[in-house]
Amino acid sequence: MATSQKAARLGEEVWKTRVDKVNAELVTLTYGTIVSQLCADYDNDYAQVNQQLDKMGYNIGMRLIEDFLAKSNTGRCGNFRDTAEMISKVGFKIFLNITPTVTNWTADNKQFSLLFDENPLADFVELPDDGRAQDELWFSNIFCGILRGALEMVQMSIEARFVSDVLRGNDVTEMRVTLIRYIEDEMPPDDE
Amino acid sequence: MIGVGKAKQYANVLDKPLGRGRQEVSLSAFAFLFSEVVQYNQTQVDNIAELERRLEDAGYAVGARVLELLCHREKGNRRETRLLGILSFIHSTVWKVLFGKVADSLEKGTEHEDEYMISEKELLVNRFISVPKDMGAFNCGAFVAGIVRGVLDNAGFPAVVTAHFVPIEGQQRPRTTILIKFAEEVIHREARLG
């Protein structure tokens, strides 16, 4: 698909020429620390940890979109399919140097999955063996918040959630992204 | 590893080969993440000292893992047992891996035998941070101090590690000095080893 190739080239170019880089392990370890800090703070209530990670992601997403637009210098996506390509081939590429696979579209083009073959956040990670974390914790949940926050800033209301994770013993790490609606530009009430 | 297609899945994380650690991500990714760490921890505390302590604890956990990781990968499963050895391990190896460069300087304190300092003109964690006036001497370097303490403590060199801003003449931004004060037993042991 043409958009897909264009996006891939753009992502590659921005990553090579316009991105300051740090060692991935610094980020991996720092993220791991956040998750374990949250687990301690919330007494291993993993539902709350997921929620807090999502919230932190949302805060990041709202600020990250600006960095993304400035670096990629790209315009508005024509449709949700293009948006998905941009997220995977440009967004994930220029921030984390990975390109999750876009797949499993629904017929109405409002829902797709991102499959993560590699995930820098989850290197070295083993979920706690307490009989619950494997069923309840979404370790990389910050990604969901980031997507939601970033897309909201470009007038897309979406929902993102993980449906499987290799850390839980699943075969793939899969995130489901659903378009809820495009947010209309709200003009200030008539003040003429 | 990046770019080799579908990663093979391992049942146990310990079965997985240790990467060479050359993978990179964007600096923004770290900056965004770290600023969330600071902001989240700010919601959990009432005062600056506690905030610094929490950041230091977060760093400690990173340090403990960095020591283990680097001893396996860079040093053939050996760790330093001498004071200067471990300090230069931090100043060179650890700094290089985490921050992409060796630290600007490593000095011994002039007034106290048990004090050492690692200084950095522009510490990565402070690069995008400006501390509001009402937060006084708060220093995000506490996170890095925690990393240093984590490495030292787990290598058998307990120490108190703190981060300080030190103004440099003619420069707008101060440099960050990580002050390491070793526990008494470490100094005694070192003296005994001669």
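My entries follow, one topic at a time.

**Entry 1: the model.** I noted before anything else that this is a predicted model.

**Entry 2: aromatic pairs.** I picked A:Phe116 and A:Phe162 to begin with: their ring centres are 6.0 Å apart and their planes stand at 40°, so I logged the pair as tilted, between the stacked limit of 30 degrees and the edge-to-face limit of 60. Where do A:Phe116 and A:Phe162 lie in chain A? I found A:Phe116 in strand β3 (residues 111-116) and A:Phe162 in strand β4 (residues 156-164), so this pair ties together parts that are 46 residues apart in sequence. Both A:Phe116 and A:Phe162 came up as buried.

I then turned to chain B, to the pair B:Tyr116 and B:Phe182. With centres 5.8 Å apart and planes at 75°, this pair is edge-to-face, because the angle is over 60 degrees. B:Tyr116 belongs to strand β3 (residues 115-120) and B:Phe182 to strand β5 (residues 175-182), so here the parts tied together are 66 residues apart in sequence. I marked B:Tyr116 and B:Phe182 as buried too.

**Entry 3: charges over rings.** I found the charged end of A:Lys21 over the ring of A:Trp15, 4.8 Å from the ring centre. In chain B, the charged end of B:Arg189 sits over the ring of B:Phe157, at 4.9 Å from its centre.

**Entry 4: B:Glu115.** Beyond its neighbours within four places in sequence, B:Glu115 is in contact with residues including B:Lys108, B:Gly109 and B:Leu179.

**Entry 5: where the chains meet.** I counted 41 residues of chain B in contact with 42 residues of chain A. The two chains bury about 3,600 Å² between them, with 62% of it on carbon and sulfur atoms. On the chain B side, B:Val25, B:Phe32 and B:Tyr40 lose the most area to chain A, together 19% of what that side buries.

I also counted three salt bridges between the chains. One joins the side chains of A:Arg63 and B:Glu36, at 3.1 Å from N to O. Residue pairs in polar contact between chain B and chain A number 15. The elements of chain B that give two or more residues to this side are β1 (24-26), α1 (27-43), α2 (48-73) and α3 (83-99). I noted that α1(B) gives the most, with 12 residues.

Key: Residues are numbered from 1 along each chain as its sequence is written. Chains are lettered from A and ligands numbered from 1 in the order in which they are written. This is a predicted model: local features need pLDDT of at least 70, side-chain atom pairs count only at pLDDT 80 or more; totals for chains, interfaces and linings use all residues. Side-chain values use heavy atoms; hydrogens and water are left out. Rings of Phe, Tyr and Trp (its six-membered ring) pair if their centres lie within 6.5 Å; planes under 30 degrees apart count as stacked, over 60 as edge-to-face and the rest as tilted. Helices (H or I, at least four residues) and strands (E, at least two) are DSSP runs, numbered from the N terminus. Buried means under 20% relative accessible area, exposed over 50%, partly exposed in between (1.4 Å probe, protein chains only). A charge sits over a ring if NZ of Lys or CZ of Arg is within 6 Å of the ring centre and within 35 degrees of the ring normal. Contact means heavy atoms within 4.5 Å. Buried area is the accessible area (1.4 Å probe) that two parts lose on being put together, summed over both. A salt bridge is a side-chain nitrogen of Lys or Arg within 4 Å of a carboxyl oxygen of Asp or Glu. A polar contact is a pair of N or O atoms within 3.5 Å; within protein, one must be able to donate a hydrogen and the other to accept it, and residues adjacent in sequence count only if both atoms are side-chain atoms.
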